[in-house]
Amino acid sequence: MIKFAVIGTNWITEKFIQGTLNPPQGYKQVMQLSAVYSRGLTRAQTFAEKFSIADTIIETFDDLQQLATSTNIDAVYIASPNSLHYQQSKHMLENGKHVICEKPLSSTYQEALDLYKIAKENKVIFFEAYMTAHLPNFTVIQDALPKLGKIRKAHIHYCQYSSRYPAYLEGKKPNTFDPTFSNGSIMDIGYYCVALTTALFGKPIAVKAQAILLDSGVDGCGSVLLDYGDFCVTIDHSKISASNQYSEIQGEAGSLLIKHVGQCEQIIHQNHSLPSDTEVDLTQPQSDNSMSYESLAFVKQITQAKISPIFEQRSLLTAQIINEVRKQTGVVFPADKE
């Protein structure tokens, strides 16, 4: 059983913990919450109480150094603001802790490269908490691609109106739209689109991007064209508008429709050799908590004492593309100047 701590006491942290407590059918629990960190000790204690059970001690910290040097912790899940991912991950890795860090791994591509280097030097696992690639229905997508024949086009969509946007319009400064915290649409919603594309198709030949920038300096929405030579992928992402449109991968022999690229809720295969109204639903059952699968992938790497080269390549390539998108669209973070 891997004893882990969490940095961050938000809803995503709670969902991750619930995922470790309730693994998918057929799997055993492999992680145990042992510590909670927050900048305020009272907040950490209140959060820890939600998961307290008999004969289980959950330590609480408001000092990162004490957490990093604790001998009772094997691994750390980091779900702090994006701008803090690099320093917090670096600190934990250098102190011999395995780290599963929420997406995106860091503010810049160079920081992501650095973190993998540090992890290997300290013989620990560094892993990006990108749930999609570990879902049963992501495997369905991968297995179905050959049925499409030669791939020609893909339209990957994720547009979700942010609950924080009204506050931004009122003149407030939510973290979601603050470049100080390395935020914006491409770093959040858009990340899922880029990561799915790189996981399926690898590195593009060229990247072309545009975005609508808000007065704060982050992108509210945007589009990215990824050129793969004999096919192209068009990405649309937004935090200031919404869409229920399915994503689609088009081949000469058929198409795949994907409902919600983050969750892969439904996968539909359309065969062009059949009548146009003929569809096959390929969707497989998944756990209600989609984050439960990534914890299993994380622990598997710890058990094998090796960072998965596939996961590492995907994470670094995604970071590299997002860096280029920001460069082309003029989204600048404090980390870019360091």
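Helices, taken as H or I runs of at least four residues, and strands, taken as E runs of at least two, are DSSP runs numbered from the N terminus. The model itself is predicted, and in it Glu-324 belongs to helix H10. Glu-324 counts as partly exposed because its relative accessibility is 28%, a value in between the limits of under 20% for buried and over 50% for exposed. Although Glu-324 and Asn-122 are 202 residues apart in sequence, their C-alpha atoms are 30 Å apart in space.

Helix H10, which spans residues 309–329, has a partner in H5, and the axes of these two helices come within 8 Å and cross at roughly 155 degrees. That crossing makes H5 roughly antiparallel to H10, because angles over 145 degrees are counted in that way. On the side of H5 the contact is made by Tyr-109, Ala-112, Leu-113, Tyr-116 and Lys-120, and on the side of H10 by Phe-311, Glu-312, Ser-315, Leu-316, Ala-319, Gln-320 and Asn-323. Sorted by class, this contact of H5 with H10 comprises 7 nonpolar, 3 polar and 2 charged residues.

At the start of H1, the backbone nitrogen of Ile-12 has a side-chain oxygen of Asn-10 within 3.3 Å.

Helix H4, residues 85–94, contains Ser-89, which counts as buried because its relative accessibility is 0%. A polar atom of the Ser-89 side chain lies 2.8 Å from the backbone oxygen of His-85. Leaving aside residues up to four places away in sequence, Ser-89 touches Ile-78, Val-99, Cys-101, Leu-115 and Phe-126.

Ile-57, by contrast, sits in the loop between H2 and strand S3 (59–61), and it counts as exposed because its relative accessibility is 70%. The C-alpha atoms of Ile-57 and Leu-33 are 9.0 Å apart in space, while the two residues are 24 apart in sequence.

The backbone geometry of the loops remains to be considered. Most residues other than glycine have a negative phi, and most peptide bonds are trans. The peptide bond from Lys-103 to Pro-104, however, is cis, with omega near -15 degrees, and Pro-104 lies in the loop that runs between strand S5 (98–102) and helix H5 (109–121).

Which loop holds His-260? His-260 is located between strand S12 (254–259) and strand S13 (266–271), and its phi is near 65 degrees, a positive value in a residue other than glycine. Cys-264 is also placed in the loop between S12 and S13, with a positive phi near 50 degrees. As to accessibility, His-260 counts as partly exposed because its relative value is 25%, whereas Cys-264 is buried, with a relative accessible area of 0%.

Methods:
Residues numbered from 1 in each chain as written. Predicted model: local features only at pLDDT ≥ 70, side-chain atom pairs only at ≥ 80, totals over all residues. Heavy atoms only, no water. Buried < 20%, exposed > 50% of the residue type's maximum accessible area, 1.4 Å probe, protein only. Polar contact = N/O pair within 3.5 Å; in protein donor to acceptor, adjacent residues only side chain to side chain. Axes fitted to C-alpha atoms, helices over the stretch in contact; angles between N-to-C directions. Parallel < 35°, antiparallel > 145°, perpendicular 65-115°, else oblique. Contact = heavy atoms within 4.5 Å. Nonpolar A, V, L, I, M, F, W, Y, C, P; charged D, E, K, R; others polar.
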